[in-house]
Amino acid sequence: MVITAERYHDFCAGHRVVGHEGKCRHLHGHNYRVHFVCEALQLDDVGRVIDFSVIKDKLCMFLEREWDHRMLLWEEDPMLPAIREIDSSVLSVPFNPTAENIADYLVSEVGPELLRGTGVELTEVRIEETRKCSARVKVSS
């Protein structure tokens with residue numbers, strides 16, 4: 001049996017997708033919803049995978065501190081230097097900021113770092129870019 005705890009968080013950010021064939025190659029933004037799914041080998045003494053407030057404090061607040069109301073651009077985006085001249089708060093990320101890559105980065109880089117020592121693993125992230133479109137990354141067991 002697998003028991004998980006899930007919490008979602010909303011944040012707003014801009015991006016552009018380098019190499020996109022359509023309008024997503026332009027600067028634009030989304031009201032993202034990120035679903036964090038956490039798993040532990042056993043429940044704690046209270047009967048939880050992890051308290052929902054810990055998911056909020058560690059994962060949701062990362063989004064608030066680091067990405068909310070920011071422009072996320074790939075560090076290899078040829079437009080990055082010119083855009084940074086206009087706005088130094090633009091954040092460069094080590095991936096082309098598609099929904100899939102954002103979810104993968106949260107699961108593979110952010111989750112392990114922020115949940116270290118809790119006995120809990122971030123096993124899935126689903127990111128809704130719009131109400132109709134989402135991407136999901138699950139850790140393979």
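Here is a short chat about the pockets and the core of this predicted model.

Guide: Residues are numbered from 1 along each chain as its sequence is written. In this predicted model, local features need pLDDT of at least 70, side-chain atom pairs count only at pLDDT 80 or more, totals for chains, interfaces and linings use all residues, and side-chain values use heavy atoms, with hydrogens and water left out.

Visitor: How much space lies in the largest pocket?
Guide: A pocket is an open set of points on a 1 Å grid over the protein atoms alone, where a 1.4 Å probe fits, with protein on both sides within 12 Å along at least five of seven lines. Its volume is the space filled by probe spheres set on the points, which are joined across faces, edges and corners. For the largest pocket, this comes to about 350 Å³.

Visitor: Which residues lie nearest the centre of the largest pocket?
Guide: Lining residues have an atom within 4 Å of a point, and the largest pocket has 19 of them. Nearest its centre lie Val2, Glu39, Ala40, Glu121 and Thr123.

Visitor: How much space lies in the second largest pocket?
Guide: Its lining includes His15, His20 and Cys133. The space there is about 180 Å³.

Visitor: Which residues have the most contacts inside the largest nonpolar core?
Guide: A nonpolar core is a set of buried (under 20% relative accessible area, 1.4 Å probe, protein chains only) Ala, Val, Leu, Ile, Met, Phe, Trp, Tyr and Cys residues joined through side-chain atoms within 4.5 Å. The largest one has 33 residues. Those with the most contacts inside it are Phe36, Cys38, Trp67 and Leu106.

Notes. Buried means under 20% relative accessible area, exposed over 50%, partly exposed in between (1.4 Å probe, protein chains only).
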